Amino acid sequence: VNRELRSFNVVILGLGFLFIFTAFTTCGNIEQTVVKSLQNGTFSGSGYNSLGIIYGVFSFSNLLAPTVVTVIGPKMTMFFSGLLYSGYIAVFIIPSTWAFYLTSVLIGIGAAMLWTAQGHFLVENSEASTINRNTGVFWGLLQCSMLFGNLYIYFDWNGRTEISVHCVSSCSETILRLVKDKTILLLSPCMAYSGLELSFYSGVYGTCIGATSEFGEAAKGLIGISGIVVGVGEIVGGGLFGLMCKNSRFRRTSVVFLGMVVHFVAFYLIFLNIPNDAPVVFDTNTLKNPYLTPSVSIALLCSFLLGLGDSCFNTQLYSILGHVYAEQSTPAFAIFKFIQSIFAAVAFFYSGYLLLMWQLLLMVLLGFTGTLCFFVVERMQNFSADLQEY
């Protein structure tokens, strides 16, 4: 396949994810706030629990996803997975507790298949010289979904012809082997951190803004604005670090370090600006006072920093996995999504019970550890490359 067609495939991939996640990210961002506001005696669901189920099922379904991708191919896997997302969006039209949680299970299964196939397809259409660019293009298009979807919140409150049993079983064997690989083990804290901060910026932080009593009647509308600004940060990061930087070895460590610093600044400002009980209040607005008088400007600045930092970590994780495991991309990305989603699931489950300061502290500790481990992996890759030159 020529390079132009590969680039076209990457753009189409990004556009497809843009359309799917315009809907899904919108729902996830406002889910807990909407559920809290429902005055319906027959509906007793929790937005946090739904998101926790999604990412919990997502994590364990990643163990089967490489086999599915091998059997039916990445294109058909992404097509059928995309259909499952439609059911999750539809359930918001007629709220029902059992349907709410059932579709959460289904979308968790679909998400594992979708993201594993996406990683395989992206690497399949990339080379060592284009993986960084293609990751940036995909990530930038994907994160446009946060702009389009949250605008709505604000204004409206290759074919495979032969398959063998050996081919299928080899996927499981490869996963088991890679799980024990030193590179994967060292990258695990960084992957885990990406799961914690994913749950925070995609579901918890918007809920915190909406529950801050000092923002008054504008608080609920600010959830949409916050989501838009997070999307802007993601697009800026994906564009800068995926497209403009050419030296991949230098870039990866520098960008991950920048992502850590950006996130830590955001966490500190959120700690000062948002009431400590914001994630855990359900029937009322916040009762505790933050250290500063809550400021909309600071809140939205933190949204931008959360998006920018997230793009730093994710683009570099995609880049290093695509570089190190170019011939084993499907199981490698499945492991990445398994670790990321299981930590996101755990975070969603504790988000309704832990005060904000403890959630921020957990992310700081894991973010620092993950960044150090990423540096070790990059050092190992540089050392291996230097040995090959001699």
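Q: Buried means under 20% relative accessible area, exposed over 50%, and partly exposed in between; in this predicted model, is R252 buried or exposed?
A: The relative accessibility of R252 is 2%. Because the limit for a buried residue is under 20%, a residue at 2% falls on the covered side of that limit, and R252 therefore counts as buried.

Q: With which residue does R252 form a salt bridge?
A: A salt bridge joins a side-chain nitrogen of Lys or Arg to a carboxyl oxygen of Asp or Glu within 4 Å. The closest N and O atoms of the pair containing R252 are 3.1 Å apart. R252 lies in helix 9 (residues 248-273) and the other residue in helix 12 (residues 356-389), so the pair ties together parts that are 126 residues apart in sequence. That partner, which is buried with a relative accessible area of 1%, is E378.

Q: How many salt bridges are counted by this rule?
A: As background, side chains of opposite charge can pair when their charged atoms come close. One of the pairs found here joins R252 to E378, while R6 forms a salt bridge with E127. The count by this rule comes to 2.

Q: How far apart are the closest N and O atoms of R6 and E127?
A: R6 and E127 form a salt bridge. R6 belongs to helix 1 (residues 3-37) and E127 to the loop between helix 4 (97-124) and helix 5 (131-155), so this pair ties together parts that are 121 residues apart in sequence. E127 itself counts as partly exposed at 34% relative accessibility. Between the two residues, the closest N and O atoms are separated by 3.2 Å.

Q: Which phenylalanines does Y55 touch, apart from residues up to four places away in sequence?
A: Y55 is among the core members that touch the most other members. Leaving out residues up to four places away in sequence, Y55 touches L198, S341, I342, A344 and A345, and the phenylalanines on the list are F24 and F348.

Q: How many helices does the protein have?
A: Read along the sequence, the protein follows the pattern α-α-α-α-α-α-α-α-α-α-α-α. There are 0 strands, and the number of helices is 12.

Q: What percentage of the 390 residues is buried?
A: The protein exposes about 16500 Å², of which carbon and sulfur atoms supply 69%. That describes the area that remains open, whereas among the 390 residues the buried ones make up 57%.

Q: How far apart in space are the C-alpha atoms of G108 and S61?
A: G108 lies in helix 4 and is buried, with a relative accessible area of 0%. Not counting residues up to four places away in sequence, G108 touches I54, V57, F58 and S61. Although G108 and S61 are 47 residues apart in sequence, the C-alpha to C-alpha distance is 7.5 Å.

Q: Is L362 buried or partly exposed?
A: L362 is found in helix 12, and leaving aside neighbours within four places in sequence, L362 is in contact with L196, Y350 and L354. Its relative accessibility is 37%. Because buried means under 20% and exposed means over 50%, a value of 37% falls in between, and L362 therefore counts as partly exposed.

Definitions and conventions
Residues numbered from 1 in each chain as written. Predicted model: local features only at pLDDT ≥ 70, side-chain atom pairs only at ≥ 80, totals over all residues. Heavy atoms only, no water. Helix = DSSP H or I, 4+ residues; strand = E, 2+ residues; numbered from the N terminus. Buried < 20%, exposed > 50% of the residue type's maximum accessible area, 1.4 Å probe, protein only. Core = buried A, V, L, I, M, F, W, Y, C linked by side-chain atoms within 4.5 Å. Contact = heavy atoms within 4.5 Å. Areas by Shrake-Rupley, 256 points an atom, 1.4 Å probe, with all protein chains shown as cover.
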